[in-house]
Amino acid sequence: MNQATFDKERIDPVLADMFIPPSSHDNEIHLVASKCNKCGVYFFPKRHICPNCFEEGTLEDKYLSNEASIYTYCVVRAAPVGFDSPYILGYVDLPEGIRIFTMIETDNMDDLKIGARVRLIAGKIRRDENGEDVMGYKFSVMKER
Amino acid sequence: MREISIVGAGMTRFAKMPERDVIDLGREACIKAIKSSGVPRKDIQIAYCGTARTGQLLNRECGVGQTILLDIGISGIPVTSVGNFCASGSSALREAYLAIASGMYDVALAIGVEKLSVRRGKGLPLTSDGVTLLTALGFSPPAYFAEIATRHMYEFGTTEKQMALVTVKNRGHSRYNPNCQYQTSVTVEEVLASRPIVDPLRMLNCCPTTDGAGAILLCAKDLAWKYTDKPVDIIASSLHFGLYEKNKDMTTFNSDRASGKEAYEMAGLGPEDIDVAEVHDCFSIAEILHYEDLGFCPRGEGGPFVEQGKADIGGEVAINPSGGLLSRGHPLGGTGLAQTTEIFWQLRGEADKRQVPGARVGMTHTMGGFQDSIELADVASSCIHIYRQGW
């Protein structure tokens, strides 16, 4: 998919505040986190107050890194309504010290391993009740060089 | 704090029962508990009823306990609904325990009930309560436990065969438990050939959707002799909301470790003192983690622990002699008090062909529920009780 033509209308509203989709002036997708300027900890998705410091106004928006590594994964065969099976879910570790839950995709199941490098992409998560694609963020396994 | 004894326990058969409603199930469990106890209904001073999904599935948020009690001629006492995910029934027991321990009441009834078979999506995993973000990304409880399994296999070399052996053990026990949804044994080969649900978990690694109820009558220990010669004492009660932390090791549950530690300290006992335990085997990998988190074996050795027969009846500690959730099924609020009923029977020597010989000290462990967090993973509730023969 040409990321520059990403259709914002098809983003899952539940996930909409969590990322900035690719656009004509920035072809990259970005996950938006909160960073506490007091304790330095990142939180994803954004928070209203730092749970460590418990002070108002210490959080600022930050983009997270777009590369991560797989901490664990699973392959869903019995899919919830709207999801096409099989699909991969997992947790990936980001350099900011965050481990996040995400859908993962790969061209080759042999590349799906704990420790494999993954890259953030915008892509289809599921279909809505009209059969239209619903978009969100996910991570794609990178080819080993 | 006062000492507490269980003097009566009862449960329904666990099965998909389309013809029975949640009140009917709760009523049967209460009648059995009361009749087994020798406690006249007028002596019951307070009741708690644990449910997790009556609001969403039955349009019944409040009043399940009151309706059950009114049906059996009990009214005018304090009755409180307890909702705490999969530990709702166990949490109702804990509230009853605390009510008596405080000195404010002497005799209490705890009920746990759920009717899950009405849910839509046959053959699909039950979704968790309130996890909007996770669900939007394709989450389900079996997916979460499959992710745990992948990591446990990676770190410790745990195998699909070892996970299958948990099911084989528990289904083997179920042959002697007429209250289980499944009452037949299965082989490792059958588990490994069952339908894939979420790799590496297959159908027979997952507990089934079920209806059922349990009820427990408890009182101050000094009053127990009025009702029975064989009271079963509750010597520890602990409950923890998940201890959420960044980058948590997913091969262990912080909440279970905290609840286990507190329960052992309260009882003045250690894992080596437990003869029989009913633990929350919602998925076979979960039971392997519980061996480790509850201290029955060291970290990472849960797979060999089951493989070497140490969790069998006659092993180091008999785990899930009832057949567990994998056989009995898991009607959320109903599960905890079915576990307690099993331990009540085991410690009184009333467990028939699945009796653990010489069982004097028992444990129940119920856990579950998820927070809608993308970056923090634990379970939302972990409730542990330890019991000892009280005579």
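Helices, taken as DSSP runs of H or I of at least four residues, and strands, taken as E runs of at least two, are numbered from the N terminus. On this basis, chain B of the predicted model contains 14 helices and twelve strands.

Along the principal axes, the C-alpha atoms occupy a box of roughly 55 × 45 × 40 Å. Buried residues make up 65% of the 391 in chain B. When contacts between residues at least 6 apart in sequence are considered, 78% of them link residues at least 24 apart.

The charged side chains comprise 38 positive and 45 negative groups, with a separation of 6 Å between the centres of the two sets.

Helix H11 of chain B, spanning residues 284-293, was examined individually. Ten of its ten residues are buried, that is, under 20% relative accessible area, and the helix is therefore largely enclosed by the rest of the structure. The buried residues of H11(B) include the charged B:Glu287, B:Glu292 and B:Asp293, together with B:Ser284, B:Ile285, B:Ala286, B:Ile288, B:Leu289, B:His290 and B:Tyr291. After H11(B) comes B:Gly295, which adopts a positive phi near 85 degrees.

Key: Residues are numbered from 1 along each chain as its sequence is written. Chains are lettered from A and ligands numbered from 1 in the order in which they are written. This is a predicted model: local features need pLDDT of at least 70, side-chain atom pairs count only at pLDDT 80 or more; totals for chains, interfaces and linings use all residues. Side-chain values use heavy atoms; hydrogens and water are left out. Buried means under 20% relative accessible area, exposed over 50%, partly exposed in between (1.4 Å probe, protein chains only). Contact means heavy atoms within 4.5 Å. The place of a charge is taken as NZ of Lys, CZ of Arg, CG of Asp or CD of Glu.
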